[in-house]
Structure formats: structure tokens, C-alpha cells
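I opened my notebook to look up a helix and its charged pairs. Here is the structure I worked from.

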Amino acid sequence: MPLLRFDLIEGRSPESLKKLLDTCHQAMVDAFQVPVRDRYQIVHQHPPQELIIEDTGLGYPRTNDLVIISVVSKTRTPEQKQKLYALLAERLEQECGIAPTDLMVSITENSEADWSFGLGKAQFLAGLL
């Protein structure tokens, strides 16, 4: 059920974009123990001048391969979050050739009352999920 929004610099091929999304989804399944069909991903692509992401003084080099992932999710443990960060960095480098310094992840938590998957119902509250 986590909702992932990806902000990327435009120019990736459809195949590399699919690989990136598939890789991130599998990391999410493994880290948060969500069902495989819990896949909600939205991609926003930007011209390079519209995506300015620096390093908060950490000295990380950034390239046009930059991937920013914003996650909206029910509450997760610090251990689950740290596992997600590590899996994303490791797998994006191995599977997609994206340097760990080109990855930024932010998680925003909400509650079960904050989700409706359709039909005007709060499925978590109604016991449907």
C-alpha cells in the first residue's frame, strides 16, 4: 500500500524506467513486507534545470541519474525504514547502475483512516484490508 512518487531528470528509456520501478518495488516488498500486488508508483520527469537537489553539506556528488523517492505509508518501524534505504541503494546500484549518492528517499507516514482505494470506502477502517 505504500504510494511511491519518483522525481527524475527526463531522458531515461522506457526499459530503464521499468527496471528502476521494478527494482524499487521489490525492495519495498522485502523491506516493508507488503504484498506483491501492493504496487502504487507515480513517475514525474523533469528537465535538469527544474530539479535542484543538493547534499545537505554531506559532500555527495549528484548526477543526472538522480532518483528522488517520496513514500507515503502507514507507520513503519525505524528498522523497516533503514532496511528500505539500504535495499534501494544496493539494488539500484546493482540492477540499474545508479550510484547510491544519486538516491534520496523521504517517507511520510499517515494512518489507516487516510487511505481509500476506491468506491468511497476507507478499506482499512472497514476491515476490507
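I began with Glu109, which counts as partly exposed because its relative accessibility is 34%; buried means under 20% relative accessible area, exposed over 50%, and partly exposed in between (1.4 Å probe, protein chains only). This is a predicted model, where local features need pLDDT of at least 70, side-chain atom pairs count only at pLDDT 80 or more, and totals for chains, interfaces and linings use all residues. Residues are numbered from 1 along each chain as its sequence is written, and side-chain values use heavy atoms, with hydrogens and water left out.

Next I looked up the partner of Glu109: Lys81 forms a salt bridge with it, the closest N and O atoms being 2.8 Å apart. Lys81 lies in helix 2 and Glu109 in strand 4, so this pair ties together parts 28 residues apart in sequence. For a salt bridge I take a side-chain nitrogen of Lys or Arg within 4 Å of a carboxyl oxygen of Asp or Glu. Helices (H or I, at least four residues) and strands (E, at least two) are DSSP runs, numbered from the N terminus.

How many salt bridges does a search of the whole structure find? I got 6. One of them joins Arg91 and Asp30 at 2.7 Å, N to O. Arg91 sits in helix 2 and Asp30 in helix 1, so parts 61 residues apart in sequence are tied together.

I also noted a salt bridge between Arg39 and Asp22 (2.7 Å, N to O). Arg39 is in the loop between helix 1 and strand 2, and Asp22 is in helix 1. Lys18 joins Asp22 and Arg39 in a network of salt bridges.

Last entry: just after helix 1, I found Gln33 with a positive phi of about 55 degrees.
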